[in-house]
Amino acid sequence: MIEDNFVSKLFYAEIMGLPTEGLSRRWPKSHITAFEAEEFCRKRSEKEGLPWRLPTSEEWDVDFAVAPFIHSVYGWTSTMSGSFRVNRGGGFGTGAAGLRAGLRGFDSPGARGFNLGFRCARDGD
């Protein structure tokens, strides 16, 4: 099960123990590496007692077929392609061609981008 919404700036700060003043649940957390997204999932799992992780690219395809949302940022996945990490969805700043929910991109797992965020997934439900 992939969560419908991207992790917000506020939720990220709450889980990671960072200052929350002035942050909103409305805006997705961006400028984040795949490693930082995985660390968030690990800490969230510890706090909630549920096995959170990044979704696979294949799970994204299934989710997209059910609910083809257009998002404001690309989402990191756990899927690797060579030395690159697959990201999915579309993001602002990419023009009309980059606003397709089924879009697939590739970045170094250590890359940060103004339009790179993430959603969480877990097995079951």
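Mentor: A residue is called buried under 20% relative accessible area, exposed over 50%, and partly exposed in between. The model before us is predicted. In it, D61 has a relative accessible area of 32%, so D61 is partly exposed.

Trainee: With which residue do the side chains of D61 meet in a salt bridge?

Mentor: Side chains of opposite charge can pair when their charged atoms come close. Here D61 meets R88, at 2.7 Å from N to O. R88 is buried, with a relative accessible area of 2%. R104 also forms a salt bridge with D61, the closest N and O atoms being 3.5 Å apart. That pair links helix α3 with strand β3 (residues 104-107), 43 residues apart.

Trainee: How many salt bridges are there by this rule?

Mentor: The count comes to 11. Among them is the pair of R44 and E3, with closest N and O atoms 2.8 Å apart. R44 is in helix α2 and E3 in the segment before α1. R44 counts as buried, at 5% relative accessibility.

Trainee: Why is the sulfur of C41 too far from that of C120 for a bond?

Mentor: A disulfide requires cysteine sulfur atoms within 2.5 Å. The sulfur of C41 is 3.7 Å from the closest cysteine sulfur, in C120, and therefore too far for a bond. The count of disulfides is zero. C41 is buried, at 2% relative accessible area, and C120 is buried, at 0%.

Key: Residues numbered from 1 in each chain as written. Predicted model: local features only at pLDDT ≥ 70, side-chain atom pairs only at ≥ 80, totals over all residues. Heavy atoms only, no water. Buried < 20%, exposed > 50% of the residue type's maximum accessible area, 1.4 Å probe, protein only. Salt bridge = Lys/Arg side-chain N within 4 Å of Asp/Glu carboxyl O. Helix = DSSP H or I, 4+ residues; strand = E, 2+ residues; numbered from the N terminus.
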